[in-house]
Amino acid sequence: MLRILYFLALIIIPVVFGWWFFIPLTLLAVYLIKLPYEIIAAALILDSVYYFGNSFVNKHLLTIFSFLLIIVAVFLNSKVHWRKII
């Protein structure tokens, strides 16, 4: 239940206050949830809301950031002993 609420907050807060809120919220999600795959869906939704440019990288900037963050979290999952909080 908390993951669903955090997912909704991950979409609503950046829409209301600005796209840059997405970055600290995703970092907090990786810390709290450990492997939050739902941030990719939130990034896809926010990429359709915000316009960063015409190139492929600019169109999918938040999605690429989310994929890179999940890859780092998967790599660190075997290296660091994280306690799952949410």
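Close-up 1. Helices are DSSP runs of H or I with at least four residues, numbered from the N terminus.

**Close-up 2. Tyr6 and its partners.** Leaving aside residues up to four places away in sequence, Tyr6 touches Leu25, Leu28, Ala29 and Ile33; contact means heavy atoms within 4.5 Å.

Close-up 3. Searching the whole structure turns up 1 salt bridge, that is, a side-chain nitrogen of Lys or Arg within 4 Å of a carboxyl oxygen of Asp or Glu. Its partners are Glu38 and Arg3, at 2.9 Å from N to O. Glu38 sits in helix α3 and Arg3 in helix α1, 35 residues apart, linking distant parts of the chain. Arg3 is partly exposed at 28% relative accessibility; buried means under 20% relative accessible area, exposed over 50%, and partly exposed in between (1.4 Å probe, protein chains only).

**Close-up 4. Phe17 in helix α1.** Phe17 belongs to helix α1 and is exposed, with a relative accessible area of 54%. Its C-alpha atom is separated by 17 Å from that of Leu28, 11 residues apart along the chain.

**Notes on the views.** Residues are numbered from 1 along each chain as its sequence is written, and side-chain values use heavy atoms, leaving out hydrogens and water. Because the model is predicted, local features need pLDDT of at least 70 and side-chain atom pairs count only at pLDDT 80 or more, while totals for chains, interfaces and linings use all residues.

Methods: Helices (H or I, at least four residues) and strands (E, at least two) are DSSP runs, numbered from the N terminus.
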